Amino acid sequence: MKHTCMVISVADIKAARKFYEDLFGLELYQDYGINISFTCGLSLQQDFHWLVNLPEECILRKSNNIEICFEEQDFDDFLNKLKTYSNIEYLSEVIEHEWGQRVIRFYDLDGHIIEVGEDMKMVINRFLASGMTMEDVSVKMDASIEDLTKLLNS
């Protein structure tokens with residue numbers, strides 16, 4: 001068995017497509033009108049209730065029980081781009097997790113939680129550039145040197 005995609009409910013397929021293409025640079029894979037898929041495995045479905053055969057009132061907005069995660073190599077540049085979207089509702093400001101990754105969380109146009117985090121390779125490289133040894137990074141990130149090395153070489 002293989003995972004093929006994640007489908008999220010959207011109110012306006014055209015607006016949602018533009019949002020995900022413009023903000024995240026996602027590339028369209030398939031377009032079926034009220035359902036589209038991106039090459040990354042994310043799909044958007046307008047009239048979701050029809051697709052899953054549930055009453056429309058059962059489709060919740062802001063259920064806050066799932067998040068769509070992205071990683072960005074140039075995190076600061078992404079934050080500047082995000083500021084140009086005046087209608088974004090943030091869950092919080094940028095936070096730095098104890099393992100060193102900076103992230104920001106906000107809602108998309110349909111109330112789904114989006115997390116954009118600093119690319120983990122960039123986090124490791126930032127620590128190394130600051131003078132930390134690989135052993136220091138291993139302790140900070142609570143990950144083995146082998147796993148960190150594997151990540152850097154992937």
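# Salt bridges and helix packing in a predicted chain

Arg17 counts as partly exposed, with a relative accessibility of 24%.

Residues are numbered from 1 along each chain as its sequence is written, and side-chain values use heavy atoms, with hydrogens and water left out.

## The chain as a whole

The protein chain has six helices and nine strands. Both are DSSP runs, numbered from the N terminus: helices are H or I runs of at least four residues, and strands are E runs of at least two. The C-alpha trace spans about 55 × 40 × 25 Å along its principal axes. Of the 154 residues in the protein chain, 38% are buried.

Contacts also tell something about the fold. A contact means heavy atoms within 4.5 Å. Take the contacts with a separation of 6 or more: residues 24 or more positions apart account for 50% of them.

## Salt bridges

Side chains of opposite charge can pair when their charged atoms come close. Here a salt bridge is a side-chain nitrogen of Lys or Arg within 4 Å of a carboxyl oxygen of Asp or Glu. By this rule there are nine salt bridges. The table lists some of them.

| Arg17 | Glu21 | 3.0 Å |

Arg17 and Glu21 both sit in helix H1 (residues 13-24). They are four residues apart, about one turn of the helix.

Lys62 is partly exposed at 30% relative accessible area. Glu89 is partly exposed too, at 39%.

Arg126 is partly exposed, with a relative accessible area of 29%, whereas Glu118 is buried, at 4%. Salt bridges with shared partners join Asp76, Arg102, Glu118 and Arg126 into one network.

Arg102 lies in strand E8. It is buried, with a relative accessible area of 19%. Neighbours within four places in sequence aside, the contacts of Arg102 include Asp76, Glu118 and Arg126. Phe75, Val94, Ile95, Glu96, Val116 and Gly117 are also among them.

## The buried side of H3

Helix H3 covers residues 75-83, and Phe75, Phe78, Leu79 and Leu82 are buried there. These residues cover an arc of only 105 degrees around the axis, so they lie on the same side of H3. The arc is that of the directions from the helix axis to the C-beta atoms. What do the buried residues of H3 pack against? Their partners are H1, E5, E6, strand E8 (102-107) and strand E9 (113-118).

## Where H4 meets H6

Two packed helices are described by the angle between their axes and the distance between the axes. Helix H4 (residues 120-129) and helix H6 (residues 145-153) have axes that come within 9 Å and cross at roughly 115 degrees. Axes are lines fitted to C-alpha atoms, for helices over the stretch in contact, with angles from 0 to 180 degrees between N-to-C directions.

H4 and H6 are therefore roughly perpendicular to each other. Angles of 65 to 115 degrees count as roughly perpendicular, under 35 as roughly parallel, over 145 as roughly antiparallel, and the rest as oblique. The crossing of H4 and H6 is left-handed; that is, the near helix is turned anticlockwise from the far one by less than a right angle, while clockwise would be right-handed. On the H4 side, the contact is made by Met120, Lys121, Ile124, Asn125 and Leu128. On the H6 side, Leu148, Leu151 and Leu152 make it.

## Positive phi in loops

Lys62 is not a glycine, yet its phi is positive, about 55 degrees. Asp142 is another residue other than glycine with a positive phi, near 55 degrees. Asp142 is in the loop between helix H5 (134-141) and H6. Is Asp142 buried or exposed? Asp142 is exposed, with a relative accessible area of 72%.

Note on methods. This is a predicted model: local features need pLDDT of at least 70, side-chain atom pairs count only at pLDDT 80 or more; totals for chains, interfaces and linings use all residues. Buried means under 20% relative accessible area, exposed over 50%, partly exposed in between (1.4 Å probe, protein chains only).
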